[in-house]
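Hi,

Here is the structure I promised to send over. Have a look at it first, and then read on for what turned up in the salt bridges and domains.

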Amino acid sequence: MTETPAIHDQAAADAGMRARRRKFWRNNQGPLLAVLSISLSLVFWQVASTFWFDPFLVPPPSVVARAAWPMIQSGEIFNDVWISMTRVLVGFISGSAVAIVVGVLIGRIKVLHHLLDPVIELLRYLSPTAMIPIAVIWFGIGEMSKYFLIFWGTLFIVLVNTVAGVWRTPIARQRAAECMGVNRFEIFFLIVIPSATPYIVTGMRVAMASSFMSIIPAEILAADSGIGYLLQKSSMLLQTDKIFVALITICVLGFMTDRVFRLLVDKTLSRFTSSTSI
Amino acid sequence: MLEVRNLRKVYGEEPGGYVALEGISIDIAAGEFLCLLGPSGCGKSTLLNILAGFEEVSAGSVMFDGRPVKGADRDRMMFFQDAGSALLPWLTVEENVRFALRARRVPRSQWDDIITRYLSMVDLNNHRTKFPAELSGGMRQRLQIARALAVEPRVLLMDEPFAALDAMIRRRMHAILTDIWQRSGQTIVFVTHDIAEAIALADRIAIMSVGPCSSFMKIMDVKGARPRDMGDPASSAMFAEIERLLTPEIRRSEERLG
């Protein structure tokens, strides 16, 4: 008689526990699987480099971590990260700024569009990598050549997106504003630019990713510092472990910068970027 | 109030361009509810855009209060079918109305009262802080109505405003619009391709032929007190008559588009 309730309690508690676990799994499925994905990849890599590949050519994660530790302790890696990041940010911000200003003007002024578009359509196929040789001659191997290359890559991506955003501003939105007595100048700032913002932000995200891709060849070919230079130097010295440290650093850096960028956009521009899907 | 005389609208160069409208003449009285009715491709939206001042006439004249229409004017408010693109999606419901008041240079002290009055009129006062994306299609259209009315235009130009809404919501919008129109005494020019909608709403219906060279085939007075029911003998007789007029036009429209 006295035992039955206890068993019931136990069963209820078990059921409750199971339900909580299920709920925890449902709510955190994404992050849990992400951790699993990275861990499994590391395990696979460790096993593959130990048993299948030559550990010198493909050093396992344990070896890479051992190579990374002194670089982290001495701050050497952070120095390179800092230098590369500065180059990316200077080029990215200046490139975006110029692209947005020129882009809204091209999008609004027909003559300007017909005048500039042919040149842009040709030049945008010159990737930053293609521009490295001439950039070195123009600006040397100092910081300026790297700023220029990132600027170059960012410019065209953000420009094309900005123009598209200005063009896609619904005509109804502009006309409705005209009916309220908003003048042309105000329509430009109060209607067109906010309407184009999601496109501009998307362009900037793509440009950010491409900046990370272009800084590496630029530093490999024309620099004496930065992550790209670290890659190049380690390659010359056949330090495959350090090469992998550099490669992983690029992955983490690019990922984190994109997340920070998205966070900033969400904090400051979410009105413009999240409410467009009507 | 609005006088249209021998209006002609040609796209492209004359001769050889596409003549969209030809020989359109009508006087629209203050406080009138006029429907422009016709199948797609009859140039009714073009005519509305000309009345708004968005497009220019090729020949003839459009006078508003005795002065030729030139460009958009705050007295003639255009109302669009796609509320999603007409509204400002980055502003909340009340901010959208406030934007219109600020543009119209209404004194700041009156904003709150006006916003509350017009949002209540369209039943949106409980959704003031929502963004347009969080509203249903009918609610967005009501917000557009509130925004358009808040600037107190003398003429409302409506381009198939309820065509994208489902039938139940559309009936509700008709009731709201009729009510507002009867209270405010504003002039409304309402474009539609729906015969029943035109009969339900209008004082007069201008029936348009299919382009090229669209013109009014007939202008009919609609009698009978509102709300009008399609079951009324008068309404259903009118429906049948308009349908007879438009059937060959619809066929022409299909042939042209097909």
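Let me start with B:Asp75, which counts as buried at 19% relative accessibility (buried is under 20% relative accessible area, exposed is over 50%, and partly exposed is in between, with a 1.4 Å probe and protein chains only). Salt bridges that share partners tie B:Asp75 into one network with B:Asp65, B:Arg104 and B:Arg154. By salt bridge I mean a side-chain nitrogen of Lys or Arg within 4 Å of a carboxyl oxygen of Asp or Glu.

Before going further, the ground rules: this is a predicted model, where local features need pLDDT of at least 70 and side-chain atom pairs count only at pLDDT 80 or more, while totals for chains, interfaces and linings use all residues. Residues are numbered from 1 along each chain as its sequence is written, chains are lettered from A and ligands numbered from 1 in the order in which they are written, and side-chain values use heavy atoms, with hydrogens and water left out.

The side chains of B:Asp75 and B:Arg154 meet at 3.7 Å, N to O. B:Arg154 sits in the loop between α5 (137-150) and β7 (155-159) of chain B, and B:Asp75 in the loop between β5 (67-68) and β6 (76-79), so this pair ties together parts that are 79 residues apart in sequence. (Helices are DSSP runs of H or I with at least four residues, strands are runs of E with at least two, and both are numbered from the N terminus.) B:Arg154 is partly exposed, at 33%.

Another pair in chain B is B:Arg8 with B:Glu22, a salt bridge at 2.8 Å, N to O. The partners are 14 residues apart and link distant parts of the chain: B:Arg8 is in strand β1 (residues 2-11), B:Glu22 in strand β2 (residues 18-28). B:Arg8 is buried at 19%, whereas B:Glu22 is partly exposed at 31%.

Which chains does the next one join? A:Glu186 and B:Arg105 form a salt bridge at 4.0 Å, N to O. A:Glu186 lies in helix α9 (residues 184-221) of chain A and B:Arg105 in the loop between α3 (93-103) and α4 (111-121) of chain B, so the pair joins two chains. A:Glu186 is partly exposed, at 23%, and B:Arg105 is exposed, at 56%.

Over all chains, the search of the whole structure finds 24 salt bridges.

Last, the domains. Chain A is assigned domain 1 (3-51) and domain 2 (61-274), with bounds from an automatic or database domain assignment. Their centres, taken over C-alpha atoms, are 40 Å apart.

Cheers
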